[in-house]
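Student: Please take one part of this model and go through it closely. I would like the loops first, then whatever else can be said around them.

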Amino acid sequence: MDPYQDAAELLARSKMAVGFTGAGISAESGIDTFRDPGGVWDRFDMSEVGTADGLLNTITRHPEKVLGFIKSTVETFESALPHAGHLALRDLEQMGILKCVITQNIDDLHSQAGNTDVIELHGNLYRARCISCDKKEKLERDGVLGRARQVIEQEDFNPLKLAGVFPKCSCGGLTRPDVVMFGEAVQGMERAYHISDACDLMIILGTSGVVYPAAVLPHEARKSGTKIIEINPTENSFSEITDVFIQAKAGEGLPEVVSRVRKIVGK
Ligand code: NAD
């Protein structure tokens, strides 16, 4: 039994494959996951920075904690680039096999890698959302990070200046990052359900499968007979429905699978 070959053959036969990704696929780009040892929730208190109310409360009462969180986020995202695993998903799209990526990540790395249909269930850090009219606008990554860096480098850090990182909406309203915080509604779920129902293969990368409602999607896919491949270095999060499990990092396992798909389909 060779799970790499099994996965490659399933992909080569697929008419409509979909990627389902979580924080783990970006770990090799230098972005910590939430739940792995040393991950984000080992270093920061979720109730202080993970919810909209908690964050506002922390900004008011403990601005130094917000400074640590924003500094760490800016430094991480400044150096984060798509790696071989993201690029392998892009290659699968270009080969006509992968139709869509459904991601829980907010880091934009699938789009930066070149995937053209990405459902971002938890939003995108580089998109502004108007608090008044709900209009959304994609911003330049370097502009967002540059403005955030200016605020955190000022000697007398004033967290209220972070509001200027995201420019005002054309309606005059204030905007915020279009990311889904704990307790807020996910985005694009209806389409993600539909695509999970319709696909014949789902490849799961880098998710612990504990964040709902996103975690229902592989189960939804399975109900309609979809084959499931999972790549994860430490756990098989969807073991009860997985056809092929590859115990590997996304950036090592997926490129190996894709090079075997190329040999099968001759592209
Ligand atoms: P999680 O932190 O709960 O689980 C991460 C999973 O990735 C684990 O199963 C781990 O074994 C696996 N993993 C670790 N390194 C890997 C690698 N190199 N290759 C493949 N898999 C690897 O992540 P989750 O399930 O996505 O849920 C956490 C939530 O956190 C999500 O909702 C997501 O929005 C958010 N989040 C996003 C980012 C990001 O945008 N990059 C980063 C941290 C958290």
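Tutor: Start with Pro213, which sits in the loop between β7 (201–205) and α10 (216–223). The model is predicted, and in it the peptide bond joining Tyr212 and Pro213 is cis, with omega at about 10 degrees. Asp108 is not a glycine, yet its phi is positive, at about 70 degrees.

Next comes the ligand. It is surrounded by 28 residues, and Gln104, Thr207, Ser208, Thr234 and Glu235 are the closest. By class, this shell divides into eight nonpolar, 13 polar and seven charged residues. From a side chain, a polar atom of His122 lies 2.8 Å from an oxygen atom of the ligand. On its own the ligand has 850 Å² of accessible area, and the protein covers 94% of that.

Last, a helix pair. Helix α6 (residues 84–94) packs with helix α11 (residues 250–265) at an angle of about 30 degrees, and their axes are 7 Å apart. Angles under 35 degrees count as roughly parallel, so α6 is roughly parallel to α11. The crossing of α6 past α11 is left-handed.

Key
Residues are numbered from 1 along each chain as its sequence is written. This is a predicted model: local features need pLDDT of at least 70, side-chain atom pairs count only at pLDDT 80 or more; totals for chains, interfaces and linings use all residues. Side-chain values use heavy atoms; hydrogens and water are left out. A residue is near a molecule or strand if one of its heavy atoms lies within 4 Å of it. A polar contact is a pair of N or O atoms within 3.5 Å; within protein, one must be able to donate a hydrogen and the other to accept it, and residues adjacent in sequence count only if both atoms are side-chain atoms. Accessible areas come from the Shrake-Rupley method with a 1.4 Å probe; for residues, only the protein chains shown count as cover. Ala, Val, Leu, Ile, Met, Phe, Trp, Tyr, Cys and Pro count as nonpolar, Asp, Glu, Lys and Arg as charged, and the others, Gly among them, as polar. Axes are lines fitted to C-alpha atoms, for helices over the stretch in contact, and angles run from 0 to 180 degrees between N-to-C directions. Helices (H or I, at least four residues) and strands (E, at least two) are DSSP runs, numbered from the N terminus. Angles under 35 degrees count as roughly parallel, over 145 as roughly antiparallel, 65 to 115 as roughly perpendicular and the rest as oblique. A crossing is left-handed if the near helix is turned anticlockwise from the far one by less than a right angle, and right-handed if clockwise.
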